[in-house]
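I opened this notebook to record what I looked up in the structure, entry by entry. The entries follow the order in which I consulted the model.

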Amino acid sequence: MSASRDNDRRIEKYRRMQRIRQFETRAETIHAAGEIPGALHTYAGMEASGVGACMALRDDDYMVGTHRSHGHPIAKGAKLRPLMAELLGKVTGICKGKGGSMHLSDFSMGSLGETSIVGSGGPVTAGAALGAKLQGLDRVALCFFGDGASSEGAIHEGMNLAAVWKLPAIFVCENNRFGMSTPTAAGVAGAHVADRAHGYGIPGVIVDGQDVDAVEAAVREAVDRARAGKGPTLIETKTYRYADHAVNMGRDLTPRGPEHDEWLARDPIVLYRARLVEDGISGSDLDAIDVQVAEEVADALNFARESAYPAFEEAFDHVFVDRLPIPDDVRAHA
Amino acid sequence: MAKITYLEAIYQAQAEEMDRDSKVFIMGEDIRCNVFGTTTGFVERFGEERVRDTPISENGFIGAAGGAAMVGMRPIVDATISSFLFPAMDQICSIIAKSRYIYGGQAQLPLVIRSCLFYGNSNAAQHSDRPYSMFMNMPGLKIIAPSNAHDMKGLLKAAIRDDDPVMSFEDSTCWMVKSEVPDDLDFVIPLGKGEVKREGTDVTVVAIAGAVNIALKAAEKLKAEGISVEVVDPRTLVPLDRDIILRSVRKTGRAICVDPAHKTCSAASEIAATIAEEAFEALRAPVVRVTTPDTHLPFSPHIEKPLYPSVERIMDAARRLVGAPAPQPQPA
């Protein structure tokens, strides 16, 4: 890869991490002000994990994510307007206002769901990889899941199926140190989630989840392996969730230890910016990206605010291919 | 037309649809060895890629069918016995039923989950479930429960061609029963269309799956007592053909809902409630359910068999509704 193309890629990684951070910061603020209904689970602190993984994928590769769903589509390159509109429950939202914060899934970017039942993406990922293989497509499927989900059977059924059938799948455990309020050590037996790969006879890789280049390199190796027909890999990104499990719950449920400040000192965006500057990319260029991203986020919020809420009929659409009838007694009071 | 069994109908429906559409493939536990005869010669005919033995991992491979469907395949999952669906409730209810909706129509889920109702054969409570009504309570899943080979083949072919997820509940009491089935490769029965299996004027019996055949026997015996019974088979439980049921009840003024499932929240309960809500003015007697009581199914045949809907229980219910006296016991 030429030096300039390499720099373009690195700047794109920076841009996507900034997008996530600024999107989340804004979302948290307007959620606090009551503009976003429901629970809001933010991805701040974990940007290098999602962006590094997605930058190793092609646009047509598949991805399945989690209830902490905002970061993954942005990492894969999704436009911000439909994502922000979804948070506000608007009809222009990526899910037409029926998914909300836990389900920001953009299928046009290869997403097959951001699913809010912990661990439930495992079997879907194996199935997508199987479907790609059966159709002779050289696509891979990547499953994001958390340290909490590593205790769910569904994740292990997905990994076992992918391993016995040598499917082109990558399982990325984003270990952000907490399953809601429970520290990883209290919920996950053994030192590392990645160690569980050995039970399936597949590679288990641990990577610094705050280093976007390192995550991308690890996932790229797994993607190459998968595309070559050699089967799945389990990668554990060691990362950190800055906010509480869900934001604005009134009190912080997450038990922060002395390592909290150490994690904050290793902010993935600050670290990456320093590396880029050290490698000769000008700080003012990066400042300009920060400003562009701020404008994108403001534009997305403006779009979301100006968008309409879904018509009531939308509640009855997409249960099946054909829209369901609305019962008279319900319509009368809708 | 050829006379074939219910199991042969399943075999033919799958084979014809796999021939027709290369996106269709089948997976499940031990399907290559063809335990029940529904995949005879499939490996030789379609290859191991499209005929896949799975690990004993229902949540895994049923969810994988969802993932494969989302990327363009049309999977058939053979979950064998319907009790084995319970470990997969997660993927069926949270992923397969809801993904099209929750993502605003972005997800496509054309897949079929087949399983049999394996009751009445001393397999005890963990292998004898008839759980379709549990899935009727979950929007997003179409459900078929055919009562004979003709309907089985036509509905299963329609299910495989349908763009929504369909659960096929196959009644093992019907497995070896033969009926005439068209040879036409495009013979399909539209989902959501019931059928009147026998016409009558005094009482409507709406029966589910294998109970249809019991109801038909009861109707024949009741004829000898001067009671004319109409037997309605919804065939599809979701979407439910409410019109055919209500039309029949408006004609007869009496309804018995017969269902091999447990009584509470059974398909019979839903049908009875629909009749009470929509055809109350036509009723000349209360709507009655003949179901399996809300106890588990025991192993010992002497105490298992009497729990299911039977010809005698349907006859008793019909006599009660028309006000006919029960027959006197014959002197020994």
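**Helix 7 of chain B**

I listed the buried residues of helix 7 of chain B and found Ala149(B), His150(B), Asp151(B), Met152(B), Lys153(B), Gly154(B), Leu155(B), Leu156(B), Lys157(B), Ala158(B), Ala159(B) and Ile160(B). I note at the outset that this is a predicted model. With 12 of its 13 residues buried, helix 7 of chain B is largely enclosed by the rest of the structure. I then checked its length: at 1.5 Å a residue the 13 residues should span 18 Å, and the end C-alpha atoms are 18 Å apart, which agrees.

**Domains of chain B**

I looked up the domain assignment of chain B, which gives domain 1 (2-181) and domain 2 (195-322). I recorded a separation of 26 Å between the C-alpha centres of domain 1 of chain B and domain 2 of chain B. In their contact, domain 1 of chain B takes part with 25 residues and domain 2 of chain B with 25 residues. I asked which elements form the side of domain 1 of chain B that touches domain 2 of chain B. Helix 6 (132-136), strand 6 (142-144), helix 7 (149-161) and strand 7 (166-171) of chain B each supply at least two residues of that side. By residue class, I found 14 nonpolar, 7 polar and 4 charged residues on this side of domain 1 of chain B.

**The largest nonpolar core**

I next turned to the largest nonpolar core, which has 196 residues; Ala215(B) and Ile256(B) touch the most other members. Helix 8 (residues 211-224) of chain B gives the largest share of this core, 8 residues.

I listed the contacts of Ala215(B), leaving out residues up to four places away in sequence: Val205(B), Ala207(B), Val231(B), Val258(B) and Ile314(B).

**Leu117(B)**

I located Leu117(B) in strand 5 (residues 112-117) of chain B. I counted 25 other C-beta atoms within 10 Å of Leu117(B), and it is buried. Residues up to four places away in sequence aside, Leu117(B) touches Ser82(B), Arg130(B), Phe169(B), Glu170(B), Asp171(B), Ser172(B), Ala209(B) and Pro260(B). For the pair Leu117(B) and Glu170(B), I noted 53 residues of separation in sequence and 5.8 Å in space, C-alpha to C-alpha.

**Backbone geometry**

Most residues other than glycine have a negative phi, and most peptide bonds are trans. I therefore looked up departures from this pattern.

I found a cis peptide bond from Val238(B) to Pro239(B), with omega near -5 degrees. Pro239(B) is placed in the loop between strand 12 (236-238) and helix 9 (242-252) of chain B.

Thr80(B) has a positive phi, near 50 degrees, in a residue other than glycine. I placed Thr80(B) in strand 4 (residues 74-81) of chain B. Is Thr80(B) buried or exposed? Thr80(B) is buried, with 21 other C-beta atoms within 10 Å.

Asn248(A), not a glycine, also has a positive phi, of about 60 degrees. I found Asn248(A) in the loop between strand 8 (233-238) and helix 9 (259-265) of chain A. Asn248(A) is partly exposed, with 15 other C-beta atoms within 10 Å.

I consulted UniProt for chain A: an unreviewed entry places the feature "domain: Dehydrogenase E1 component" at residues 15-311. Over residues 15-311, chain A is 43% helix and 13% strand, with the end C-alpha atoms 35 Å apart.

I found 37 residues of chain A in contact with 34 residues of chain B. Strand 2 (111-115), helix 5 (121-134) and helix 6 (153-164) of chain A each supply at least two residues of the side of chain A that touches chain B. Helix 5 of chain A gives the most to that side, with 10 residues. I recorded 19 nonpolar, 14 polar and 4 charged residues on the side of chain A that touches chain B.

**Helix 11 of chain A**

I checked helix 11 (residues 283-306) of chain A: its 24 residues should span 34 Å at 1.5 Å a residue, and its end C-alpha atoms are 35 Å apart, which agrees. Its buried residues are Val293(A), Val297(A), Ala300(A), Leu301(A) and Ala304(A). I noted that these buried residues pack against helix 1 (3-32) and helix 4 (80-87) of chain A.

How values were computed:
Residues numbered from 1 in each chain as written. Chains lettered and ligands numbered in written order. Predicted model: local features only at pLDDT ≥ 70, side-chain atom pairs only at ≥ 80, totals over all residues. UniProt positions renumbered as here; feature names shortened; annotations may be inferred. Helix = DSSP H or I, 4+ residues; strand = E, 2+ residues; numbered from the N terminus. Domains from an automatic or database assignment. Contact = placed C-beta atoms within 7 Å. Nonpolar A, V, L, I, M, F, W, Y, C, P; charged D, E, K, R; others polar. Core = buried A, V, L, I, M, F, W, Y, C linked by C-beta atoms within 7 Å. Buried ≥ 20, exposed ≤ 12 C-beta atoms within 10 Å, placed from the backbone. Expected span 1.5 Å × (residues − 1).
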